[in-house]
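Keep the structure open while reading.

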Amino acid sequence: MPNYTVTVATGSQWFAGTDDYIYLTLVGSESCSERTLLDKPLYNDFERGAVDSYDISVGEDLGEIELVKIEKKKYWVHDDWYCKYITVKTPYGDYIEFPCFRWLVDDKEVILRDGRARLPQHDKTGVAKQHRRKELEQRQKTYRWKEWHPGFPMSIDAKAHSELPREIQFDSEKGVDFVLNYSKAIENLYINQFMHMFQSSWGDFEDFERIFMRIKNTISEYVMEHWKEDFMFGYQFLNGCNPVVIRKCTEIPDKFPVTQKILEASLERGLTLEEELKEGNIFIADYELLDGVTPNATDPCTIQYLAAPICLLYKNSQNKIMPIAIQLGQTPGEDNPIFLPTDDEHDWLLAKIWVRSSDFHVHQTVTHLLRTHLISEVFGIAMFRQLPAVHPVFKLLLPHIRFTIAINTKAREQLICECGLFDKANGTGGGGHVELVQKSMKNFTYRSLCFPEAIKARGMDSQEELPYYFYRDDGCRVWQAVTSFVTDVVNIYYDNDKTVQEDVEIQAFVKDVCSFGMQDFDYCEFPKTLRTKEQLVEYLTIVIFTASAQHAGVNFGQFDWCSWIPNSPPTMRKPPPTKKGEVDMKYIVESLPDRGRSCWHLGAVWALSQFQENELFLGMYPDEHFIEKPVKDAMVKFCKNLSEVTKVIKNRNEGKKLPYYYLSPDRIPNSVAV
């Protein structure tokens with residue numbers, strides 16, 4: 001009588017084990033085994049971290065094992081179980097791996113294919129094709145698109161984290177409770193005594209410094225000491241939290257009427273403004289997106305203000321980026337003066353503060369929320385809907401959307417919802433952040449997610465012209481490493497361009513992203529088909545890079561750069577000045593956030609800058625969804641390339657007062673999960 005040995009591995013997460021009944025059926029090409037009870041309740045099998053083995057005898061040869069069916073039946077109360085993998089040893093001594101890495105909940109069954117990745121056109125048996133089809137039919141019922149706000153990318157159809165499929169929830173919902181985490185952060189920062197002091201202004205900058213002394217780190221302390229200086233203001237456009245706004249200026253826009261006479265004191269090479277433009281020494285940061293956005297009006301006791309400034313920057317002879325002119329509105333006029341470094345120090349300082357505040361809003365809502373969180377969720381939902389677990393692209397992308405749908409759902413539940421935490425301290429709260437996303441969607445294109453192209457489109461690609469643009473340099477290194485890895489994996493499964501074209505599932509995936517996720521907006525230019533291996537490699541590189549490196553580059557520096565509140569005010573309580581010479585230090589301090597809003601802001605940027613517990617960084621794939629040696633070899637090569645990038649960045653940072661490490665691979669999580 002043929003005998004099969006089945007080994008079952010239970011996850012090591014808290015509450016991963018189960019006391020429920022577990023049944024297993026082997027499905028072969030010739031026959032099926034009987035439904036076998038593997039464990040009775042309270043027999044101490046399937047405990048957290050356990051690996052249990054069972055012998056299954058069958059009356060006849062099952063043929064090639066194609067599927068393993070697992071069923072969990074309630075013993076007393078429903079007891080979720082996390083199954084890592086199942087290994088089947090056949091009567092002939094062969095071992096077949098069946099990766100699972102998912103939760104079994106309620107009285108549900110899971111049917112597993114063996115771990116070899118296959119394209120749809122390479123499945124030949126009726127059993128395999130039917131399983132593939134049924135898996136996607138079930139997933140499409142489970143993972144449904146929903147429009148959260150008009151004009152937004154689509155999101156998951158779930159009002160709360162608890163409504164999500166168990167396999168994409170956080171292991172512990174408590175760990176991602178924004179209210180709890182922000183409150184803990186405020187307590188840890190020793191500022192909880194101020195958190196309810198709304199409308200209470202700080203006395204002076206030294207007041208800010210007194211609460212800051214307990215929480216400073218190397219970079220944030222340096223920011224506190226130098227934030228008023230023009231070089232620090234300019235440096236942040238290159239290597240701060242939002243290094244994606246600055247672009248080379250080749251022509252002064254009509255709405256910003258600066259002239260040679262106005263700027264000549266700042267142009268130190270003896271060239272005219274026109275000559276400096278031609279030499280590539282003039283840059284611009286335009287916050288036009290904020291024009292007309294409604295300021296936060298959720299607190300009737302505090303009027304809050306927004307501005308849409310334009311800032312002109314100059315690369316001086318030391319290759320430092322320096323501000324040379326600031327206009328705080330989009331429409332020129334007598335009530336919208338152009339502020340200059342030669343103006344009264346208070347006028348110039350307040351103008352820079354307004355730019356930094358505007359940059360904070362664009363960073364939080366556009367650079368961070370829209371262009372990493374929301375777009376990664378679109379990729380994730382489409383992946384679950386269109387790619388079965390046996391597809392190589394599903395196996396490749398799954399680690400890079402880990403917890404992304406969960407963190408976004410939690411954010412919609414607590415953070416960016418109506419009356420959410422975002423409203424407490426942010427000038428775009430109360431609906432302005434929604435308007436900002438809707439406006440920025442009109443400029444959001446597929447090509448803008450391609451890192452090297454995005455850098456080049458802003459005229460920022462020359463290392464010779466801008467030798468200290470570390471975001472660009474490190475980003476390009478990581479992009480190349482990811483591209484190389486994706487190319488290796490794609491080459492294993494796709495022989496040629498025709499193989500890509502004939503993969504109906506990958507075509508359905510990209511179409512779902514464009515037609516549903518991005519709502520088929522004409523201006524987004526997301527592809528609906530992929531015709532070549534090169535296009536597929538670029539598409540998958542974009543998905544992985546956006547979820548990992550791009551998110552890390554714009555998220556984890558928030559405490560460094562935004563904790564010194566005068567450097568990144570989350571809101572402003574006085575309107576932008578309309579004349580010069582009327583501002584003093586008292587007016588500036590009263591413009592800045594009050595004590596309560598300052599504390600909520602500090603709690604937010606601290607919490608958002610923390611890695612998850614048991615974080616998985618780029619190149620770490622502990623769940624072995626791939627079992628093929630060529631893919632494992634590609635992963636080893638990927639890790640080696642990433643290690644070399646880490647070493648280059650570490651060597652460059654040695655001895656620097658302002659090290660740049662946000663795109664060091666050892667600090668880049670695999671996915672958007674915070």
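A residue is called buried when its relative accessible area is under 20%. The model discussed here is predicted.

**Helix 16**

By that cut-off, helix 16 is mostly covered, with 10 of its 14 residues buried. Which residues are they? The buried ones are Glu 505, Ile 506, Gln 507, Phe 509, Val 510, Asp 512, Val 513, Cys 514, Ser 515 and Gly 517. These buried residues pack against several elements, including helix 1 (126–142), helix 8 (345–386) and helix 17 (533–555). Strand 9 (145–146), helix 9 (392–397) and helix 15 (497–501) also take part in this packing.

Helix 16 has a kink of about 25 degrees, centred on Lys 511. Its end C-alpha atoms are 18 Å apart; this agrees with the 20 Å that its 14 residues should span at 1.5 Å a residue. Just after helix 16, Gln 519 has a positive phi of about 55 degrees.

**Helix 20**

Helix 20 covers residues 595–608 and also has a capped start. Of its 14 residues, 13 are buried, so the rest of the structure largely encloses helix 20. From first C-alpha to last, helix 20 reaches 20 Å, close to the 20 Å expected at 1.5 Å a residue.

**N-terminal caps**

Four strands form an open sheet in the order 4-1-6-7, and their pairing is antiparallel. Strand 4 (51–57) and strand 7 (95–104) are the edge strands, each pairing on one side only. From one strand to the next, the twist averages 20 degrees.

How many bridges join strand 1 to strand 4? There are 7, and the two strands run antiparallel. Strand 1 covers residues 3–10. In general, the strands of a sheet pair through backbone hydrogen bonds.

**Ser 266**

Ser 266 sits in the loop between helix 6 (260–263) and helix 7 (273–279). Is Ser 266 buried or exposed? Its relative accessibility is 18%, so Ser 266 counts as buried. Leaving aside neighbours within four places in sequence, Ser 266 is in contact with Tyr 314, Ile 324 and Pro 341.

Technical notes: Residues are numbered from 1 along each chain as its sequence is written. This is a predicted model: local features need pLDDT of at least 70, side-chain atom pairs count only at pLDDT 80 or more; totals for chains, interfaces and linings use all residues. Side-chain values use heavy atoms; hydrogens and water are left out. Buried means under 20% relative accessible area, exposed over 50%, partly exposed in between (1.4 Å probe, protein chains only). Contact means heavy atoms within 4.5 Å. The expected span of a helix is 1.5 Å times one less than its number of residues. The bend at a residue is the angle between axes fitted to the seven residues ending there and the seven starting there. A polar contact is a pair of N or O atoms within 3.5 Å; within protein, one must be able to donate a hydrogen and the other to accept it, and residues adjacent in sequence count only if both atoms are side-chain atoms. Two strands pair if DSSP finds at least two bridges between them. Axes are lines fitted to C-alpha atoms, for helices over the stretch in contact, and angles run from 0 to 180 degrees between N-to-C directions.
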